[in-house]
Amino acid sequence: MTEQALDILKLVLLGLLYLFFARVLWAVWSEVRRTSSKAVVPTMTAQEQLEAQRDATVLAGPTERRPRKAPKGRGGRVARLVVVEPKARKGTTFALGEEITIGRDPSSTIVIDDDTFVSHRHARVFEFDGQPMVEDLGSTNGSFHNGTRLHGSRLLHPGDRLQFGYTVLEAQ
């Protein structure tokens, strides 16, 4: 090959390399922007909303009312799940009951409707012999318990982190 042909091939390779890096940066940037707009929307029945409004409010001032967070677990028990990520919903708490379902389905207890990595019925947190357990419900992208993929059910301890798509919950 002539020296000119080799120079042209070098320039083409360099151009393709720049295009590759530009595409990688674009993908990272779009993921960072997208994760900040995710939302977790807790759903309640009308009766639960009335009870929560009546029972979970405290007086914060003469006319101002502020909702109370779900209580923390005592004695090494988990009593609530707190949203850690995404930042838009950070601090949202969900009190544990007999069973909490997580997914995009509007009938779920914790609805994660903007995340395409979350299945309609993704996971559930339930009580077994007085202990909270988490179980993946056959979701496509899986559920993660402390960074490892969840297979079957696992016991929840205070400080454990659960990830469903982009949403991370901490057991407290």
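Biologist: Is Glu 99 buried, partly exposed or exposed?
Modeller: The model is a predicted one. Buried means under 20% relative accessible area and exposed means over 50%. Glu 99 has a relative accessible area of 40%, so Glu 99 is partly exposed.

Biologist: Which residue forms a salt bridge with Glu 99?
Modeller: A salt bridge needs a side-chain nitrogen of Lys or Arg within 4 Å of a carboxyl oxygen of Asp or Glu. The closest N and O atoms of this pair are 2.7 Å apart. Glu 99 is in strand S6 (residues 99-103) and its partner is in strand S8, 25 residues apart. The partner is Arg 124.

Biologist: Which residues are linked with Arg 124 in a network of salt bridges?
Modeller: Arg 124 forms a salt bridge with Glu 99. Glu 135 also forms a salt bridge with Arg 124, with the closest N and O atoms 2.6 Å apart. Glu 135 lies in strand S9 (residues 131-136), eleven residues apart from Arg 124 in strand S8. The residues linked with Arg 124 are Glu 99 and Glu 135.

Biologist: Over the face of which residue does Arg 124 lie?
Modeller: For a charge to sit over a ring, CZ of Arg must be within 6 Å of the ring centre. Arg 124 is at 3.9 Å from the ring centre. The ring belongs to Phe 126.

Biologist: Is the aromatic pair of Phe 117 and Tyr 166 stacked, tilted or edge-to-face?
Modeller: The count of aromatic pairs comes to two. In the pair of Phe 117 and Tyr 166, the rings are 5.5 Å centre to centre, with 80° between the planes. Planes over 60 degrees apart count as edge-to-face, so this pair is edge-to-face.

Biologist: Which are the edge strands of the open sheet?
Modeller: Six strands form the sheet, in the order S5-S4-S14-S13-S10-S11, and the pairing is antiparallel. An edge strand here pairs on one side only. The edge strands are S5 (93-95) and S11 (148-149).

Biologist: Which residue in S5 stands opposite Arg 80?
Modeller: Strand S4 (residues 80-85) pairs with S5 in the antiparallel sense over three bridges. The residue opposite Arg 80 is Ala 95.

Key. Residues are numbered from 1 along each chain as its sequence is written. This is a predicted model: local features need pLDDT of at least 70, side-chain atom pairs count only at pLDDT 80 or more; totals for chains, interfaces and linings use all residues. Side-chain values use heavy atoms; hydrogens and water are left out. Two strands pair if DSSP finds at least two bridges between them. Helices (H or I, at least four residues) and strands (E, at least two) are DSSP runs, numbered from the N terminus. Rings of Phe, Tyr and Trp (its six-membered ring) pair if their centres lie within 6.5 Å; planes under 30 degrees apart count as stacked, over 60 as edge-to-face and the rest as tilted. A charge sits over a ring if NZ of Lys or CZ of Arg is within 6 Å of the ring centre and within 35 degrees of the ring normal. Buried means under 20% relative accessible area, exposed over 50%, partly exposed in between (1.4 Å probe, protein chains only).
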